[in-house]
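Hello,

Here is the structure for you to look over. My notes follow below it.

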Amino acid sequence: MTFVVTAPCFDCKYTDCVSVCPVDAFHEGEKMLYINPNECIDCDACVPECPVEAIFADVNVPEEYEAFIALNDEMSATTPVITEQKEPLAE
Ligand code: SF4
Ligand code: F3S
């Protein structure tokens, strides 16, 4: 299992999630964050941190967000790790 960042993160990037991840699994894209499924240890710590409820366990991803499972896998391979909270894109 892994956790997955989905559509509500897009254009928001609150980044509250990154500071609680014990294994630095978050990667930063231009518009949203991605979780590296090979790093995530399924601790669940990031889920309640996200103000827009963008993070789900892969087994619980809503149907309309299912494409984000593969997207997190692909994009986390080519984007840098983010471990510190920063100014969000959302106002
Ligand atoms: Fe990190 Fe835990 Fe969230 Fe996985 S579930 S991304 S290990 S905080
Ligand atoms: Fe995105 Fe939520 Fe983290 S908006 S950056 S998943 S806190």
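**Salt bridges and ligand sites**

E28 is buried, with a relative accessible area of 18%; the cut-off for buried is under 20%. Keep in mind that this is a predicted model.

E28 has two charged partners to look at. With K13, the side chains form a salt bridge at 2.8 Å, N to O. K13 sits in the loop between β1 and β2 and E28 in strand β2, so this pair ties together parts that are 15 residues apart in sequence. K13 and E28 are both buried.

The other partner is K86, whose side chain meets that of E28 at 2.7 Å, N to O. This pair links distant parts of the chain: K86 is in the segment after α1 (67-76), 58 residues from E28. K86 is partly exposed, at 42% relative accessible area. Together, K13, E28 and K86 make up a network of salt bridges.

The count comes to 3 salt bridges. One of them joins K31 and D11, with the closest N and O atoms 3.2 Å apart. K31 lies in the loop between β2 (26-28) and β3 (33-35), and D11 in the loop between β1 (3-5) and β2, so the pair ties together parts 20 residues apart in sequence. K31 is partly exposed, at 38%, and so is D11, at 37%.

Now the ligands. Ligand 2 takes up the space of the largest cavity.

Ligand 1 takes up the second largest cavity. Its shell has 11 nonpolar residues, no polar and 1 charged. The residues around ligand 1 include C21, C40, C43, D44 and C46.

Best wishes

Conventions. Residues are numbered from 1 along each chain as its sequence is written. Chains are lettered from A and ligands numbered from 1 in the order in which they are written. This is a predicted model: local features need pLDDT of at least 70, side-chain atom pairs count only at pLDDT 80 or more; totals for chains, interfaces and linings use all residues. Side-chain values use heavy atoms; hydrogens and water are left out. On a 1 Å grid over the protein atoms alone, a cavity is a set of points where a 1.4 Å probe fits but cannot get out, and a pocket is an open set with protein on both sides within 12 Å along at least five of seven lines; lining residues have an atom within 4 Å of a point. A molecule sits in a cavity or pocket if more than half of its atoms lie within 2 Å of its grid points. A residue is near a molecule or strand if one of its heavy atoms lies within 4 Å of it. Ala, Val, Leu, Ile, Met, Phe, Trp, Tyr, Cys and Pro count as nonpolar, Asp, Glu, Lys and Arg as charged, and the others, Gly among them, as polar. A salt bridge is a side-chain nitrogen of Lys or Arg within 4 Å of a carboxyl oxygen of Asp or Glu. Helices (H or I, at least four residues) and strands (E, at least two) are DSSP runs, numbered from the N terminus. Buried means under 20% relative accessible area, exposed over 50%, partly exposed in between (1.4 Å probe, protein chains only).
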